[in-house]
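Open the model in your viewer and keep the selection tool ready. Each stop below tells you what to pick and what you will find there.

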Amino acid sequence: MKRCLSWLALAASAAFFAACGGDDAPPTQEPSGGGRITGQVVQTDTDEPLPNASVSVGDRSVRTGPDGQFVLDGLPASATASVKVEAAGHGANVARVAVSQGDTAELRVRLVKLAPARAIDASVATTLTLAGSPAQVMLPAGALVDAETGAPVSGTVSASLTDIDPASDPGRMPGAFTTEQSGEVRSIESFGAVKVDLRDANGRRLDLAPNQTATVRIPLSTRSPNPPATVPLFHFDETTGFWTQEGSATLKTGDGEPYYEGTVSHFSYWNADMVADTVWLDGCVVDEAGKPAGRVQVSGSGVDYSGLTSAITDAEGRFRMQVRRNSTTAVWAATLDRVTTVHDVAVGATDMTMPACMKLGAANAGTPGKLAPRLLQNPRNTTIEVDGYAFFTAVVEGTQPMQYQWRRNGQPIDGAVSSVLFVGPALATDDGAVFTVTATNVAGTVTSTGATLTVSTTPVAPAILLQPRPLTVNAGAAAVFTVSATGSNPLAYQWRRNGIDIAGATQPLLSITASDADNGAVYSVVVRNTAGTATSGGAQLTVVSSTSPPVIVAGPVGRVASVGDSVTFSVAATGSGPLTYRWQRNGVDIAQATGSTYTLNAIAASDHLAAFRVVVSNAHGSTPSEAAVLTVNAGTSDQTERVLRLFGEWSTGLMAVTAPLSVTDEDFIVLPAAEVCSTGSVTATLDGGALPAPGQTLPFGTHALAARFSTCGTDGAVFDGASSVTYTMNDTALRTGSADATVTDFVHQGTDPNGDAQSIRTNGQARIEFDGSLVGTTETTNMRFIPASGFSFAQVDSGLASTAVSGSVSTRFDEVGGMATRMRQDFSAYTFTRGGVTYVFNGFVAFEFNGTTGATGSGTVSITANGVEVARISGTQAGYGVEVLNGGIPASAGPLSSGATTRRTATIAPMTGMPRMRAVAR
């Protein structure tokens, strides 16, 4: 049940927008000629306007006024105009924006204030340091020159070293987390960044002389729980506004503060990161009246990775942005005075569409236009050995700037004022210490749940956290494989090619120059320490010959949409350039469809089952993609949304049934009450008596666990009421067991799987059965939810209830090496009544995940209302496809969610429609 316990809560995702938050910007005016850009420049750390900042586009330049605002008129039209912004004592930033004839583009640019400069002698070797940080730059003697003229520099110069800390606030990073590779804009994921600024007495910028290098240390700053041991280095190009890869850095530890160390040949912003493996996320934004909201900024920020992305809605309120594949991304939209609900998006292996439009409304704080802090990810329990180092991190969204304060056992930790905390070298007396963090901004304060540090006195064997991934590269290009592992240090690495050791390949990162002979080779790595050995999975390298036709890395995937919607198909290909694209519909070329993406607007019913593919060509031949099929729903968007909400409603009952298990972690260890409820309280009993003390394990066998919640705030939800389970657990691996539950007036206030507010009251009895297996790195989990007749969950505001009659819902989840490979939901005559109508669900939907190349769906669930089939839900390439029949869900079902917004598409990512289990069912 260990995996089963980790499934017991709904998969969550969240929203975060560091650079917006409804702050003031200059009024929009019509330009007198050409295009216009207006905006405001502010300081990142204070959010205060920056006067006298330079804002330039090409040879056009203006200065900001006292309020930080600027206007640039008469600009030529450009799809990606680069706007460079500079201010004394601040790091430069570059924003890219589309400029249209006769139109106005709006910007809000944040500049990082540089750390105080110190005077150094350029003729003497010097190490720049930063108080309270492992950030460091080791400058050789006599190595500096004027950055423009190249003239040698000697004597006293000014030097500044600034820690960017992108995990705390991704908006501190210039360049919008993007790089350019082979003409394609790619997203990057950061693990830390610094800014080095060197000036002479006249304020002129200095740099390293040719053939000179410096060693730089970049503090680890990431939202990822598994930072890689070696990453590429990128520097910020202030001309293009993109990050450019140059060199690599290795993760090290000094005085308990981890950092990446590498060698650089010039100075700018330096960023330890990697190119993210991305998919497209589509969505839409509506106003309070439910009408499309155009020209609205939408932002996404990684919850389990450090990255930021953004898009602007079109006239129909639609947007499209790149997000990291197989991740959790926080997404929201904001105008000058309105914001949307924060949406947690669980991103799968393929392009996806958000299940409902985001709706603009008043901010969630008393300060107009500001967002109060909200925790997206609490710090996690961590186990290390004596003398080891622990890494805690929290992810908070809200208006920047955000201040942090960490506490150990309730007491503030001096200097611990970032979103990350490093603890070590650990002592045996640190075992059981609990760490929390408080985040505060102009609109409010939030405190995390506690994370317990477990200190082991025996060495910990290696475990692979991040597997090397398959790669497709051109011949002659670099192929870089990485692995992330945990375990007691020192860890030793040995890379293999087709099972044979590669001489000298003993680092966490393997970089080779790919040749035709490497095509099809499989690379893996063995990690060892004194406690054991771990071997990664194999990653296949595909090499595209310089004389070969293009290779399609990620082809277009099937989409599901409603009449009137728009869909976009995309392809990623590699090969010797230039590459050309030719899109086809049902085998016939589409006029003027010659880009790497194709958008079909105003979908009609006649587009149902149309097949779209793309032919990619170069001088050596052509390669067609597999066809992507478009499914057009027969019902309206509202009917489709009602079907999907009813389809996922059972998971609300599951949450109430499993609530008592929130008093333990996934290892069945009792948590302190403060870690269960950040506000309010919970009281729990075992077999009618006292619960074991925190840190103790619940007993095996058959026992009764009961919990009563009183306004218990937990992970963005509030629990009220009572729930009890009689569990049977004889499997010490926590993989097989059952639980019989009784729920009494249990109220869950939070959000439904589509991100809309809900308040549900649950009553009745239900049973859960679970089993699973682990063979090598292949893990299988099965769970069956069986509500008793009369089990009900009712909307608190309307009182309308769904009442179970019979049947069950089963889920299966497969993983290999920590990566999802299969998900399946089975409905076995799952029957309930609602609004005087009896509904029956029968059938299954399943999804097979094929690494990074996509997913395939299968199966169909039939929904009947009083014996008449009203809908079918099928597994497709794009997620859940909905077919509305015979008028759809009857009106007597009432509103299926509080504050529901108009749905513009029927596509749901396969992972978001399914309850996943974890010990803390919040």
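Select residues 133-139, strand β11, together with residues 214-219, strand β17. The two run antiparallel and are joined by 3 bridges. Strands here are DSSP runs (E, at least two residues), as are helices (H or I, at least four), numbered from the N terminus. Two strands pair if DSSP finds at least two bridges between them. Pick Val137 and look across to β17: its bridge partner is Val216.

Ile218 has Tyr260 in β20 as its bridge partner.

A word on the source. This is a predicted model, numbered from 1 along each chain as its sequence is written. Local features need pLDDT of at least 70, side-chain atom pairs count only at pLDDT 80 or more, totals for chains, interfaces and linings use all residues, and side-chain values use heavy atoms, with hydrogens and water left out.

Zoom out to the whole protein. It holds 4 helices and 76 strands. Of its 922 residues, 56% count as buried. Buried means under 20% relative accessible area, exposed means over 50%, and partly exposed lies in between (1.4 Å probe, protein chains only).

Next, select residues 327-334, strand β26, and residues 343-347, strand β28. They pair in the antiparallel sense over 5 bridges. Thr328 stands opposite Ala346 in β28. β28 is mostly covered, with 4 of its 5 residues buried.

Move to Leu427. Where does Leu427 lie? Leu427 is in the loop between β37 (420-423) and β38 (434-441). Leu427 counts as partly exposed because its relative accessibility is 48%.

Turn to the rings. The whole structure has 24 aromatic pairs. One of them is Phe236 with Trp243, a tilted pair at 5.3 Å centre to centre, with 45° between the planes. Rings of Phe, Tyr and Trp (its six-membered ring) pair if their centres lie within 6.5 Å; planes under 30 degrees apart count as stacked, over 60 as edge-to-face and the rest as tilted. Both Phe236 and Trp243 are buried. Then highlight Phe647, Phe827, Tyr830, Phe832, Tyr839 and Phe841, which form one aromatic cluster.

Two charges come next. Select Lys195 and Tyr269: the charged end of Lys195 sits over the ring, 4.9 Å from its centre. Select Arg824 and Phe844: Arg824 lies over the ring face, at 3.8 Å from the ring centre. A charge sits over a ring if NZ of Lys or CZ of Arg is within 6 Å of the ring centre and within 35 degrees of the ring normal.

Last stop: Ser723. Ser723 is found in strand β64, residues 717-729. Is Ser723 buried or exposed? Ser723 counts as buried, because its relative accessibility is 1%. Show its side chain: it reaches the backbone oxygen of Ala656 at 2.9 Å. Now show its contacts (heavy atoms within 4.5 Å). Leaving aside neighbours within four places in sequence, Ser723 touches residues including Ala656, Val657, Leu705, Thr742 and Phe746.

Technical notes. A polar contact is a pair of N or O atoms within 3.5 Å; within protein, one must be able to donate a hydrogen and the other to accept it, and residues adjacent in sequence count only if both atoms are side-chain atoms.
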